[in-house]
Amino acid sequence: MSPPLAIRAGVVWTATDAAPDDGLVAALPAAIRARAERIERPGALALGAAGRLLPPAGAGEIRRDVGVVIGTAFGCLATNAAYQRRLAAQGAPGASPRLFAATVSNAAAGEVGIAYGLGGPAVTVTAGAAGGLAALDAARAEIDAGGVRGMLVAALDVVDAAGRRWLAEAGWPAGTPSEQVAALVLGDGPGPLPEVGRLGPVALGRTGGVGGPGIRSTVARALAAAGLAAADVRMRVTRRGDAVAVRAALGGAAVVEEPAHEWPLLLAAAGLAGVLEAVAGTGTPALVVDLCPSGHVAAVVAWSAAR
Amino acid sequence: MTHVAGHVSAPRSHPVVTGTGAVTPYGGGVAALWDGLAAGRSAVRAIRGFAADDLEPGRAAEVPGEREDADPAGAFLLAAANEALEDAALDPAAVAADRIGVAVGTTLAGMRIFEEWLGGAATAAGRVAAIPYFAPAARLADAVGATGPVVTTQLACASGTAAIGVGAGWIREGRCDVVLAGGTDLLCRYVVAGFNCLRATADEARPFDAARRGLVLGEGAAVLVLESAAHAARRGRGPRAALTGAAAAGDAVHMTAPDRDGRGAAHAIRLALARAGRDATSIGFVSAHGTGTPYNDAMEARALAAVFGAGGVPVNSIKGAIGHTLGAAGAIEAVLCVEVLGRGVVPATIGLESVAPECAAIDVVRGAARPADVAACVSTSSGFAGANAAIVLERP
């Protein structure tokens, strides 16, 4: 059984088209802010969130023992749309080098690595809207495998008009922020950061059809990995309305807490936001359960540092 | 033991490879891949699968045959997975569903569908669901009934190698008995126009060659069946290889050009070797990223020379033969490594005639295949945004 890992500080931030908020970027040091203002929004969100948690890199500084994992539901799809529209309208001459270079979902990880001198593992993962906890899992795996002492974990999505159209056509819930990011440091990062909680191993899975057998097994695996039983934890879902599915999968009697935020749908950020909410409480450990409309499931036990 | 700063865990039980499958521009199957490489054939042609008259260069390595599936990238992956499962003599229904995982790398997923959909074409619900990056892995998981971990890795052109590393980790940690790990990508106007506008492409790819001018794109998929050694032994299946180390590292230098000194790539290789408990001198073959671009190949030669010493190990690249298959590349190259371990032959690097001076420090196999008794090998990949990944495969 892997021992719990320390969570050191975290941030959650959302913005909408009606209420854009550039406070995340505005607070950055001048050089990083200038970069964030020039690049595509996924990279800017990642830089902004990292800026709340990490010191900028010194000149030429690259730390090989600290890395970054980005979790996302849709990656750079908004940037892809911007690039593709120009290509479709103008043919080959419309292909933009600046946009195309940003049409890789790991661009955000690359920006963070450069700005904050993180030369350890640089990974980007998606497991649908459970991408945040999938990122946490990948970060933990890197620390457990050795040669890495800390990871910045960020989960982010940018949802443009094309994204909203996709959500509607795919039958996902409506109502998600245009921009959303949550981030935390797992293990030991650069710079002194307080420990705010501890995290057990993440369990990942698939719903597995009617009755959600995969939900049951993912919950069971998360508890077993943390060395706990269901009676030892309070259960929390990361999206409003998911409590019904979790109760149905676990047999109806489970008490399930819902998230504090009002969004009908948070994407990859939901998992990390759920973990940060869980450790903000005190006392009983929380089992955070993250269900995704794509059928991905993730669960993890989190403890407050105050416990 | 290769030195890496910081604690490296003692090796746990390594996952084994019991089956491989591939769909490449040579056609379906691992045999077609090996035969094409052995024959020194290039699969690069003028693009025929989509409108390319205004694309310059307009050449790529396409998977031959008709596309009947509404989601071709997913179909490539399923075909490769089916071959791998048959090779492993493994029926997924015989494994507990939550003990099966799926880890897939891709850079494009359903981008061909996205091109049409974004333009306003009416698109069936099933095709819309195939657009996101997580879709191919989800489709494969649902096809085999897996309810264990299902993740898509996105490290640009290092996605496939990273996926194999992630999947191997699940088995090493005891979370899965079986993982289908690999990569898939499908050519489209979107990506060919993109690499063209970056001036990164050429009519032919000539890895490590003095006359190299750029990469040629390709498409395809590959899957490895990874199992715990105990699970394979219980069902009486001998392994084809062991996957003993995996690592990723960022350059942290530039968004589109690799670190000129290859420090990130070298670090990924060294960390993978350390996690495998191996010294660089024990490696008998390196499957290089070797895209044929001026910057990548020079960087990679420096990185490999730094890790393995000048001329220290035979190296090849298959991208001159089947193009750069993006998210599938690392997975196809892992399949190649399994073949090299078993056959004791390193295929020549197609497209290479005269090694560039800046690449002369490495021993790139060219002209003819080379017999080599390889006990352990490394596959390395790099990508945009300074991504690097490496895996270590060994004879069981």
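**Reading strands, burial and an interface in a predicted model**

Guide: Ile7(A) stands opposite Leu186(A) in strand E5(A). The model is predicted: local features need pLDDT of at least 70, side-chain atom pairs count only at pLDDT 80 or more, and totals for chains, interfaces and linings use all residues. Residues are numbered from 1 along each chain as its sequence is written, chains are lettered from A and ligands numbered from 1 in the order in which they are written, and side-chain values use heavy atoms, without hydrogens and water.

Visitor: How many bridges join E1(A) to E5(A)?

Guide: Strands (E, at least two residues) and helices (H or I, at least four) are DSSP runs numbered from the N terminus, and two strands pair if DSSP finds at least two bridges between them. Here E1(A) and E5(A) (residues 179-187) run antiparallel, joined by eight bridges. E1(A) also pairs with E6(A) (residues 197-199), antiparallel over three bridges, and there Ile7(A) faces Gly197(A).

Visitor: Why is E1(A) largely enclosed by the rest of the structure?

Guide: A residue is buried under 20% relative accessible area, exposed over 50% and partly exposed in between (1.4 Å probe, protein chains only). Eight of the eleven residues of E1(A) (residues 5-15) are buried, so the rest of the structure largely encloses this strand.

Visitor: Which residues of H5(B) are buried?

Guide: Helix H5(B) (residues 135-144) is mostly covered, with seven of ten residues buried; among them are Pro136(B), Leu140(B) and Val144(B). Gly145(B), just after this helix, has a positive phi of about 75 degrees.

Visitor: How many residues of chain A are in contact with chain B?

Guide: Contact means heavy atoms within 4.5 Å; 64 residues of chain A touch 63 of chain B. Buried area is the accessible area (1.4 Å probe) that two parts lose on being put together, summed over both. For these chains that area is about 5100 Å², with 61% from carbon and sulfur atoms. Arg64(A), Phe100(A) and Arg206(A) supply 13% of what chain A buries against chain B, more than any other three residues.

Visitor: How many salt bridges does the rule find across the interface of chain A and chain B?

Guide: A salt bridge places a side-chain nitrogen of Lys or Arg within 4 Å of a carboxyl oxygen of Asp or Glu. The rule finds four across this interface, including one between Arg275(B) and Glu142(A) (3.1 Å, N to O). H4(A) gives the most to the side of chain A that touches chain B, with seven residues.

Visitor: Which strand of chain B pairs with E3(A)?

Guide: E6(B) (residues 150-153) pairs with E3(A) in the antiparallel sense over two bridges, and Thr126(A) stands opposite Thr152(B).
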